[in-house]
Amino acid sequence: MGINMNKHIFIYVDESGTLPDPKDPVVVVAAVATYAPYELELPKKSAAKALHKENIREIKFYKAGVNTKTKFLTILAKLDVKIFVLILEKNGKKIPDSPENFAIACALVLHDCLDYYQNSIKSIIFDRHFHSQLDREKFDSVLKKLIGENLDISHADSLKEPAVNTADMIAGSLLWKRTGKDDQFYKIIKNKIVEEKIINWKEAKKWFINKKLD
């Protein structure tokens, strides 16, 4: 199916694993792209209905049970979405969770989105990673220098923006698969994955330095 350049693309981004925790061998950043953001509420609604908890506020990968994960991801896999994933190998490093470092990780996966959709991206929405407004502003500043100054970037509370939960569920599925815990959830969504990039932190930093020198 070709890309419809007349439609606007919305991209939702979240991560699984943490940069500074040495127990996390990798960090996964997932971006899910859609023409219809309202459709991304369907997996949550369907999973909640199956649980007979239709007033559930949000569904997070690490809090959900097997049946909930399966239902959520099965519905997601039926939607007209594309998935882009970065697997960042830490090589045992404790990486500071700074706005700059997180922006590097996010820029690497968003470059793939931009290459795929070109000028069709309308908005990029992150699950709110930093609590400080100053940190979010610093993150936005670095990210825009890396991927494009004119992009609309926002940070959402997943309780108020349920669509961003889809990126959390995808990132968790990839992390479980990558760390050898379980690949059953990855298998449900793998056909929706356009790009699954693997890079180590040293390579990521080198890329960032080269971008700054451009």
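**Helix packing and charged pairs**

Reply: Happy to. In this predicted model, the axes of helix α2 (residues 66-76) and helix α5 (residues 165-178) come within 11 Å and cross at roughly 110°. An angle from 65 to 115 degrees counts as roughly perpendicular, so that is how α2 and α5 lie to each other. The crossing of α2 past α5 is left-handed. On the α2 side, the contact is made by Lys 69, Phe 72, Leu 73 and Leu 76, and α5 contributes Asn 165, Thr 166, Met 169, Ile 170, Ser 173 and Trp 176.

Now to another pair of helices. The axes of α3 (residues 99-117) and α4 (residues 133-147) come within 9 Å, with a crossing angle of roughly 40°. These two helices are therefore oblique to each other, and α3 passes α4 in a right-handed crossing. From α3, the residues in contact are Pro 99, Glu 100, Phe 102, Ala 103, Ile 104, Cys 106, Ala 107, Leu 110, His 111 and Leu 114; from α4 they are Asp 135, Lys 138, Phe 139, Val 142, Leu 143, Leu 146 and Ile 147. This contact divides into 13 nonpolar residues, one polar and three charged.

Side chains of opposite charge can pair when their charged atoms come close. The structure holds six salt bridges, and one of them joins Glu 100 to Lys 205, with the closest N and O atoms 3.9 Å apart. This bridge links distant parts of the chain, since Glu 100 sits in α3 and Lys 205 in helix α7 (residues 201-213), 105 residues apart. Glu 100 is partly exposed at a relative accessible area of 25%, and Lys 205 is partly exposed, also with a value of 25%.

A salt bridge also forms between Asp 112 and Lys 197, where the closest N and O atoms are 3.3 Å apart. Here too distant parts of the chain are linked: Asp 112 belongs to α3 and Lys 197 to strand β6 (residues 193-200), and the two are 85 residues apart. Asp 112 has 13% relative accessibility and so counts as buried, because the cut-off for buried is under 20%.

One further bridge to look at pairs Lys 187 with Asp 183, whose closest N and O atoms are 3.7 Å apart. In this pair, Asp 183 is partly exposed, with a relative accessible area of 32%.

Key
Residues are numbered from 1 along each chain as its sequence is written. This is a predicted model: local features need pLDDT of at least 70, side-chain atom pairs count only at pLDDT 80 or more; totals for chains, interfaces and linings use all residues. Side-chain values use heavy atoms; hydrogens and water are left out. Axes are lines fitted to C-alpha atoms, for helices over the stretch in contact, and angles run from 0 to 180 degrees between N-to-C directions. Helices (H or I, at least four residues) and strands (E, at least two) are DSSP runs, numbered from the N terminus. Angles under 35 degrees count as roughly parallel, over 145 as roughly antiparallel, 65 to 115 as roughly perpendicular and the rest as oblique. A crossing is left-handed if the near helix is turned anticlockwise from the far one by less than a right angle, and right-handed if clockwise. Contact means heavy atoms within 4.5 Å. Ala, Val, Leu, Ile, Met, Phe, Trp, Tyr, Cys and Pro count as nonpolar, Asp, Glu, Lys and Arg as charged, and the others, Gly among them, as polar. A salt bridge is a side-chain nitrogen of Lys or Arg within 4 Å of a carboxyl oxygen of Asp or Glu. Buried means under 20% relative accessible area, exposed over 50%, partly exposed in between (1.4 Å probe, protein chains only).
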